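Reader: I've got a model open and I'd like to learn how to read a couple of its features. Can we go through them together?

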Amino acid sequence: MATPLFSPTVLLKDLGRMSTHGQARRHFAVSRSLPAKALPARRPRERVEIPGLEMVTYGDRMHYVPGLAKPVYPQWERDYKDPGHYKAPPAHHMLLYKGKPCYVYNQRTSALEGVPQALWLTKAKLISGLPPHLLSLAESPANQIPDQDERVQNAIKHARFWDTTEERPCKEKYSNTLLSNLLHLCATLQSRHTVIGRRILAEKYSLAATWKRGEDLFQVRGQNGLLYNCMDPLPEVSGKQEVGDTAHHVLETFYPVSPSIDLQKVHVYEEEVNCSGFREGYPYPHAHTLYFQEDGDVNCKLHPKQFRAKMVMFAFGNALARAHSLYGTQPQHVLDRPITVQAVGTNGRLFQFLVFQLNTTDLSGDDGIKNQVWLDEDVELYDFAKLRPLIKKKQVKVPAGLEGYKPETFRKFLSLYLHGAV
């Protein structure tokens with residue numbers, strides 16, 4: 001009986017013969033990705049120069065000649081400036097190069113320890129929840145929006161269901177739409193509280209603030225969220241007695257992890273850089289509230305604890321930049337008037353509320369007066385927003401539409417918006 005042309009026995013014999021001759025072997029026990037691995041980069045051939053001997057090259061012949069060495073030409077430099085082909089000099093040749101490093105916190109920094117690391121960097125004391133007198137601002141009927149709950153639910157439905165031509169909008173889109181809708185609703189109270197007209201929204205501004213923590217130099221800089229500016233500063237949240245009591249607070253440490261872990265280490269920087277992002281004489285110099293989106297940067301995804309640390313750091317940076325413009329860059333043990341900056345972060349369903357009060361700019365040591373942070377984290381605005389019902393085992397677990405709306409979350413949002421206007 002003749003053997004088939006592609007029988008398993010013939011195929012295995014051929015594979016064994018190929019492997020004995022040093023050729024490629026099929027790997028039946030691994031996935032297809034193994035043969036597709038990228039080859040390691042080739043090391044450049046080391047050029048040997050012998051003193052007194054001149055290498056014979058094919059440079060004069062203007063074409064390749066086997067057996068002759070490749071000529072080495074001097075680097076050609078343009079006699080004009082071309083930004084597309086600019087080559088930066090080495091860092092140690094730059095004018096701003098310094099031997100002492102500076103640790104930079106930017107909008108893409110993912111701090112390993114999260115909020116505790118941000119509290120150590122800002123020399124701050126954490127207080128869980130928002131101040132009660134601040135939450136009471138939205139409890140009064142005079143400070144509420146007509147048909148408030150219905151209009152907020154319509155704003156959620158607009159962001160999740162109506163503002164798209166796709167089957168399901170992405171999180172980056174509906175979180176941005178929801179934040180804009182809620183801010184628009186809050187702005188309708190301007191007819192009752194005229195101070196709201198002395199405020200303005202700004203985005204894509206660059207912040208820079210510098211401080212010393214121990215022997216290290218730190219900076220927070222970059223573009224961060226949407227900033228709500230105002231002509232008048234926010235009132236302080238805690239009084240002098242509460243500020244004095246922070247001197248007994250002991251900062252949390254996370255030894256053996258370094259406090260500067262995951263921060264960008266640079267040697268080219270300006271030591272005394274402090275900029276709020278706006279020119280001198282700007283009519284809205286005071287930062288009121290920073291609005292962050294958890295998925296605002298598609299190239300950088302932060303976990304919730306790193307996202308809250310980012311809110312703490314940039315609220316502190318705005319307050320510190322304002323303090324330096326008012327009181328100078330010399331460390332102040334206690335500010336005559338503490339500087340308050342608020343922050344709100346959202347992913348379209350969960351909200352993070354933060355209030356930062358800068359009491360001191362003397363951040364070098366761990367003793368003395370501390371700054372204060374009030375944080376209310378992972379507050380749900382609603383439970384579900386489904387285009388289609390969630391069905392499991394022929395039972396509707398979650399119906400279509402908006403479910404589980406929580407009005408107290410928007411009241412917190414409104415309280416931070418009305419702070420300083422009521």
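Reader: Let's start with Cys102: how far is its sulfur from the closest cysteine sulfur?

Author: First the general idea: a disulfide is a covalent bond between the sulfur atoms of two cysteines. So you look for two sulfurs within 2.5 Å. Keep in mind that this is a predicted model. Here the sulfur of Cys102 has its closest cysteine sulfur in Cys275, 16 Å away, which is too far for a bond.

Reader: And which residue holds the cysteine sulfur closest to that of Cys186?

Author: That's Cys230, but the gap is 15 Å, again too far for a bond. By the distance rule, the model has 0 disulfides.

Reader: Are these cysteines, Cys102 and Cys186, buried or exposed?

Author: Buried means a relative accessible area under 20%. Cys102 comes out at 0%, so it's buried. Cys186 is buried too, with a value of 0%.

Reader: OK, on to helices. At what angle do α2 and α7 pack?

Author: For a helix pair, check the angle first, then the axis distance. Helix α2 (residues 115-122) packs against helix α7 (residues 304-327) at about 20°, and their axes are 8 Å apart. Angles under 35 degrees count as roughly parallel, so α2 and α7 are roughly parallel to each other. The crossing of α2 past α7 is right-handed.

Reader: Which residues make the contact?

Author: From α2 you have Val115, Ala118, Leu121 and Thr122, and from α7 there are Lys305, Arg308, Ala309, Val312, Met313 and Phe316. Sorted by type, the contact residues of α2 with α7 are 7 nonpolar, 1 polar and 2 charged.

Methods
Residues numbered from 1 in each chain as written. Predicted model: local features only at pLDDT ≥ 70, side-chain atom pairs only at ≥ 80, totals over all residues. Heavy atoms only, no water. Axes fitted to C-alpha atoms, helices over the stretch in contact; angles between N-to-C directions. Helix = DSSP H or I, 4+ residues; strand = E, 2+ residues; numbered from the N terminus. Parallel < 35°, antiparallel > 145°, perpendicular 65-115°, else oblique. Left-handed = near helix turned anticlockwise from the far one by under 90°. Contact = heavy atoms within 4.5 Å. Nonpolar A, V, L, I, M, F, W, Y, C, P; charged D, E, K, R; others polar. Buried < 20%, exposed > 50% of the residue type's maximum accessible area, 1.4 Å probe, protein only.
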